[in-house]
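Dear colleague,

I am passing on the structure below, together with some notes on what turned up when I went through it. Please read them alongside the coordinates and tell me where you would look further.

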Amino acid sequence: MTKNKYVLSWIEEMAALTQPDNIVWIDGSDAQAEALRAEACSTGEMTKLNQELLPNCYLHRTAVNDVARVEDRTFICTSKKEDAGSVNNWMDPKECYDTLSKLYRGSMKGRTMYIIPYSMGIVGSEFAKYGIELTDSIYVVLNMLIMTRVGTDVLDALGDSDNYIKCLHAKADIDESKRYIVHFPEDNTIWSVNSGYGGNVLLGKKCFALRIASYLGRKEGWFAEHMLILGVEYPDGKVKYISAAFPSACGKTNLAMLIPPEFYRKKGYKVWTVGDDIAWLRIGADGRLYAVNPENGFFGVAPGTNDKSNPNALETCKSDTIFTNVCHNLDDNTVWWEGLDDNPPHNALNWRGEPWDYKKYNKADKVGTSGAHPNSRFTAKATNCPCLSSEFDNPAGVPISAIVFGGRRAKTAPLVYQSRDWQHGTFVGSIMASETTAAAAGAVGVVRRDPMAMRPFTGYNMGDYFAHWLEMGKRIPNPPMIFNVNWFRTDDEGNFIWPGFGENLRVLLWILARCDGAVEAVKAPIGYLPKAEDINIEGLEDVTLDTVRELLSIDHENWLADVENIKEFYAFIGDRVPAELYEELALLEANLKA
Ligand code: OXD
Ligand code: MN
């Protein structure tokens with residue numbers, strides 16, 4: 001498949017270490033994928049679902065101890081510990097190579113090693129970066145075929161260069177005490193061992209497109225961010241693009257695939273999805289910031305996805321999809337998950353593969369009693385998404401008008417506010433946070449700071465990451481405006497005040513109007529707030545102007561408590577937090593006390 005001597009010698013070395021019985025190159029062809037699906041079904045690794053109802057869909061179950069990303073087993077191995085920073089786990093690279101080599105040695109005996117040449121981004125485009133993943137898992141191969149662009153054209157584009165990310169994955173024994181997800185940013189290398197769960201083993205996604213790419217982006221002058229990208233189409237046909245970062249469980253996929261409320265649909269508004277998880281952003285020739293989604297599919301959380309929360313996602317996963325750890329309906333050989341509908345199957349296997357009694361479901365013990373695991377997933381093709389943007393395949397990306405940050409805050413953050421400028425916007429991103437809710441075990445309202453939603457995904461020191469944001473701001477002639485949103489304000493009874501979902505378009509339209517200079521705003525201690533009457537509530541039943549006023553109110557005491565929490569967090573990040581952000585923090589405190 002290639003004569004590239006770097007690639008061939010690396011594969012030879014990894015094969016000598018892992019000792020597979022066979023080596024198979026993945027060429028991206030349908031015929032090869034079909035043969036691998038058949039093989040996975042013959043060994044029980046996957047189950048073919050009802051082909052009439054769910055054409056080309058399959059079910060896979062991971063090991064019971066292997067159902068999520070493992071942040072405590074994830075490491076950034078830079079030669080200097082400070083370069084990984086206090087937010088990341090760190091290991092000395094040499095020590096790490098030695099430790100993991102022992103786990104890899106002979107781990108593929110009796111197995112096949114698959115070689116997956118893949119591209120993040122359109123092959124041959126300015127944005128694209130190439131990787132090769134070696135794995136002993138057919139499940140990984142089939143997921144990578146959906147999530148990335150795989151095939152011989154990647155090797156052709158790479159030519160005889162050594163500029164690719166070397167990714168090694170071995171299932172080994174799926175032993176969680178020996179599970180490692182390790183990044184060597186200085187060596188363009190990712191090693192993953194003892195897991196078979198998506199986020200730990202589909203190495204193009206979090207490991208490459210965020211952790212390694214963020215490191216490369218800093219070196220090369222671009223951004224790799226944990227952001228969705230969407231386009232809002234106006235009745236006159238113009239489309240404006242927004243990228244938005246939210247921590248997990250804040251509805252990124254839902255926002256990316258938003259369906260406008262009827263009031264706006266009738267007028268001709270539409271929302272187009274470019275990406276739901278990762279954005280790579282570069283400065284374009286016209287001085288604006290351009291974004292691409294480097295992925296080629298969606299690895300979405302299944303539970304809670306239904307025809308109200310996200311009909312587009314539901315449609316996307318009706319064909320060509322791999323379901324992982326969902327509930328298996330044995331009556332019609334389909335799948336089910338909590339929150340899909342009110343008709344749980346009566347004859348079913350749960351995510352563990354055991355007979356499941358829906359009557360025993362207990363919200364307080366989801367993992368123990370649910371049909372689908374709370375983190376069960378669908379891996380679905382982007383091209384199956386009914387609202388996929390026509391710009392999805394544009395190698396130049398889409399011009400971003402607004403960057404939106406957000407989290408889940410019951411009281412503190414208003415529905416929306418705008419930062420004063422790029423430096424202040426960087427500050428707003430750096431203080432992003434989400435609160436634990438009553439739905440989860442443990443204390444309610446505990447704040448977890450998650451800067452730019454990148455806390456688990458920045459491949460270097462968080463202080464340096466903030467500095468990179470400030471530096472980029474100086475280099476972008478026409479930067480996007482930066483906003484913060486919060487869909488999760490609650491009243492005194494703990495009910496959400498804002499209806500959310502499709503109605504969030506109303507807030508996006510205010511944001512875009514601000515970018516156009518088409519609407520005024522009110523100066524507040526934290527930035528610019530909308531005038532309540534400028535958030536359009538026409539057609540909304542339970543929202544009055546007073547509700548909007550409440551959503552936009554700022555409780556100074558809550559904010560001052562937050563300031564103290566931010567000081568602690570910055571101190572934890574350490575001495576590389578830029579002085580400019582401390583200036584912004586001091587200004588915020590002074591404004592709140594004034
Ligand atoms: C995540 C994901 O964990 O996208 O953020 O899977
Ligand atoms: Mn994500």
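Asp-277 is buried in this predicted model, its relative accessible area being 8%, and through its OD atom Asp-277 takes part in coordinating the manganese ion (ligand 2). Because His-226 sits in the loop between strand 12 (223-225) and strand 13 (227-233), while Asp-277 sits in the loop between strand 15 (270-275) and strand 16 (279-283), the pair ties together parts that are 51 residues apart in sequence.

I then turned to the cysteines, where the count of disulfides comes to 0. For Cys-96, the closest cysteine sulfur is that of Cys-77, at 3.7 Å, which is too far for a bond, given that a disulfide requires the two sulfur atoms to lie within 2.5 Å. Cys-96 also counts as buried, at 0% relative accessibility. Cys-387 is in no disulfide either, since the nearest cysteine sulfur, belonging to Cys-385, is 3.5 Å away and the cut-off is 2.5 Å; Cys-387 is itself buried, with a relative accessible area of 5%.

How values were computed. Residues numbered from 1 in each chain as written. Chains lettered and ligands numbered in written order. Predicted model: local features only at pLDDT ≥ 70, side-chain atom pairs only at ≥ 80, totals over all residues. Heavy atoms only, no water. Donors = N, O, S within 2.8 Å, 3.2 Å for Na, K, Ca; no water. Helix = DSSP H or I, 4+ residues; strand = E, 2+ residues; numbered from the N terminus. Buried < 20%, exposed > 50% of the residue type's maximum accessible area, 1.4 Å probe, protein only.
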